[in-house]
Amino acid sequence: MKPPADRGSLALGAYVYAVLAFIIVPLVIVIPMSFSQNDYLAFPPSGFTLKWYSEYFDSRQWRAATWLSVQVALLTALCASVIGTAATYAMIRGRSRLVTAFQILLIGPIIVPHIALAVGLYLFFQTIGLSGTIPGFVLAHTVLTLPFVVFTMAAALAKVDANLEAAAMSCGATRFQAFRLVTLPLVLPSLASSALFAFIISFDEPVVSFFLSGVRQKTLPRRMFEDIEQNLTPVIPAIATLLIVLSILILLGAHVLRSRSVTR
Amino acid sequence: MTEARRSHFWHSDGRRLSGLSTLLLLLPFFAIIAFVFVYPILQLLVISILEPHPTLENYARVVENPVHMRVLMRTLWTATLVTALSVVLGFPVAYYMSRAKGTVAALVAVCVILPLWSSVLVRTAAWSFLFQRNGLINSALMALGLTSQPFKLLYTQSAVVIAMTHVLLPFMILPIYGALRSIPDDYGRAAAVLGATRLRTFLEVILPLSLPGVVSGSLLVFLTALGFFITPALLGSPQEMMISTLVSKQIREVLDWPFAAALVGVLTVFVTLLAIIFSKTLRFDRLMGNAS
């Protein structure tokens with residue numbers, strides 16, 4: 001049954017598309033700007049050039065920042081998905097009174113403002129020499145991404161019948177074999193998509209990176225922050241375009257994984 | 001401890017892990033949260049009340065200095081405004097999304113979810129292009145003949161409010177969408193059968209049932225907005241700081257750690273208290289697309 005297209009629904013539709021334009025236009029506006037020949041960021045963009053992209057790829061500083069962020073994000077995705085999956089599995093299959101503590105601590109990093117954690121870690125990591133190091137960034141980003149891994153894995157693990165592992169164990173499998181051969185393959189798509197999300201959160205994380213970056217060790221978001229703050233060069237739209245493409249690829253990847261998932 | 005309990009600690013049965021394995025699996029999680037989250041925050045709170053000597057002076061400086069008080073008020077006001085704007089802009093989108101089907105639904109979902117997973121810096125940079133003297137907004141206003149002089153948009157509090165609303169809007173839309181989706185279609189039909197107009201059905205059935213989503217989204221946006229750093233730092237005026245930019249200044253320029261710690265203390269305690277009070281309504285798992 002289709003509702004009649006009266007004036008009210010038309011007005012609602014118009015309003016909704018205006019809001020969607022407000023959401024999406026500022027995001028895509030950087031794409032034409034990144035190909036503009038203007039040396040200053042005037043609108044409308046004119047001509048077509050790839051020089052801002054080559055400026056980004058040729059710059060030693062931009063490359064170093066990108067490479068640092070890639071390493072940190074890969075390690076964060078690995079740490080967060082392993083630690084998060086282990087903890088979620090224990091929470092769902094285990095017996096422990098720590099579950100309440102687990103739930104409270106889990107939402108901590110979402111609730112507490114990132115600026116508070118950033119400042120706390122800045123002080124703490126300086127005293128133990130982790131400031132501006134890869135392990136320092138990875139530890140901080142793992143804490144920030146763990147809640148997202150746990151939410152995803154909790155939804156996936158809850159759908160795997162506990163009797164499947166029990167059956168495997170009654171056929172002689174150890175607990176670890178039962179997990180590795182029965183449960184893990186079933187939740188693998190969710191595990192992969194939580195790793196993807198951990199990667200992109202870490203790769204784009206600006207606040208903690210801002211405070212933990214040293215003079216030489218700067219993540220990509222920190223370099224971008226400085227560029228936007230100081231001179232706003234036309235390299236920024238080029239990098240922004242690349243980052244949007246990366247986000248789209250990550251979301252597509254997660255979508256494919258979701259549609260393949262047995263436990264969805 | 002009973003005999004059965006003790007044996008559960010050491011041995012697992014087919015369906016349940018032993019207590020020991022549970023502990024071992026949870027250990028890395030608790031270790032990293034304790035070491036990289038709880039400790040650094042507690043250390044700041046301790047500094048705020050113990051340095052230079054056991055005192056509440058640092059907190060007194062936050063509330064007694066009119067400049068700092070104005071920063072707190074501006075932060076509260078900005079967060080309130082951003083939350084209100086997000087409800088007004090977000091609710092109709094969530095409602096439309098919950099009714100849409102097929103390609104339209106997918107398109108709307110992409111528009112809401114893609115920004116959520118793209119860099120805050122990208123979105124903030126985009127606004128600083130738009131707000132520039134010769135940016136799109138000023139060019140458009142001048143081309144339309146609405147103004148002859150470009151407006152000063154960048155480095156104003158309005159720029160901060162608009163850009164923060166843009167960044168936080170998905171956090172409002174998704175919880176409302178989740179609440180709307182959980183309302184069975186039959187309710188609306190039942191109201192229609194009983195003779196209610198569509199407006200009355202919306203006001204008396206749909207709206208009240210979607211309120212938990214509105215409250216949850218509002219809290220999420222409000223709490224995040226209070227501590228927002230990147231957008232005020234890049235688009236705001238240095239004369240109109242928010243609490244996060246003031247903290248950053250104290251640490252990077254003034255090097256006044258005890259005072260910065262007290263500011264962080266005020267923010268963290270306030271946000272945590274609000275989260276505890278409303279812990280029943282905050283549904284974080286909705287954000288991960290379980291509802292979408």
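**Before you start**

The model is predicted: local features need pLDDT of at least 70, side-chain atom pairs count only at pLDDT 80 or more, and totals for chains, interfaces and linings use all residues. Residues are numbered from 1 along each chain as its sequence is written, while chains are lettered from A and ligands numbered from 1 in the order in which they are written.

**Stop 1**

Select chain B. Its secondary structure comes to 13 helices and zero strands. Helices here are DSSP runs of H or I with at least four residues, strands are E runs of at least two, and both are numbered from the N terminus. The C-alpha atoms fill a box of roughly 85 × 70 × 30 Å along the principal axes. Chain B has a radius of gyration of 24 Å, whereas a compact globule of 292 residues would have one near 19 Å. That radius is taken over C-alpha atoms, and the globule rule is 2.2 Å times the number of residues to the power 0.38.

Colour by burial next. Of the 292 residues of chain B, 44% count as buried. Buried takes 20 or more other C-beta atoms within 10 Å of the residue's own; exposed takes 12 or fewer; partly exposed is in between; C-beta atoms are placed from the backbone.

**Stop 2: the two domains of chain B**

Select 1-37, then 51-288. These are domain 1 and domain 2 of chain B. The bounds come from an automatic or database domain assignment. The C-alpha centres of the two domains lie 39 Å apart.

**Stop 3: two loops in chain B**

Go to Tyr155(B), in the loop between α7 (136-143) and α8 (157-181). Tyr155(B) has a positive phi of about 60 degrees although it is not a glycine. Tyr155(B) is partly exposed, with 16 other C-beta atoms within 10 Å.

Move on to Leu255(B), between α12 (243-254) and α13 (257-277). Leu255(B) is another residue other than glycine with a positive phi, near 55 degrees. Leu255(B) is exposed, with 9 other C-beta atoms within 10 Å.

**Stop 4: where A touches B**

Show both chains. 78 residues of chain A are in contact with 73 residues of chain B; contact means C-beta atoms, placed from the backbone, within 7 Å. Helix α1 (residues 7-28) of chain A gives the most to its side, with ten residues. By class, that side of chain A has 62 nonpolar, ten polar and six charged residues. Nonpolar covers Ala, Val, Leu, Ile, Met, Phe, Trp, Tyr, Cys and Pro; charged covers Asp, Glu, Lys and Arg; the others, Gly among them, are polar.

**Stop 5: annotated spans in chain A**

An unreviewed UniProt entry annotates "transmembrane region" at several spans of chain A, including 104-125 and 235-257. Such annotations may be inferred rather than shown by experiment; positions use the numbering here, and feature names are shortened. Select 104-125: this span is 91% helix and 0% strand, with end C-alpha atoms 24 Å apart. Now select 235-257: that span is 100% helix and 0% strand, and its ends are 33 Å apart.

**Stop 6: the kinked helix of chain A**

Select helix α7 (residues 134-157) of chain A. A kink of about 40 degrees lies at Thr145(A), shortly before the proline Pro147(A). The bend is the angle between axes fitted to the seven residues ending at a residue and the seven starting there. Of the 24 residues of α7(A), 21 are buried, so this helix is largely enclosed by the rest of the structure.

Finish at Gly129(A), in the loop between α6 (114-127) and α7 of chain A. With 10 C-beta neighbours inside 10 Å, Gly129(A) counts as exposed. From Gly129(A) to Thr145(A) is 16 residues in sequence and 23 Å in space, C-alpha to C-alpha.

Terms used: Two residues are in contact if their C-beta atoms, placed from the backbone, lie within 7 Å.
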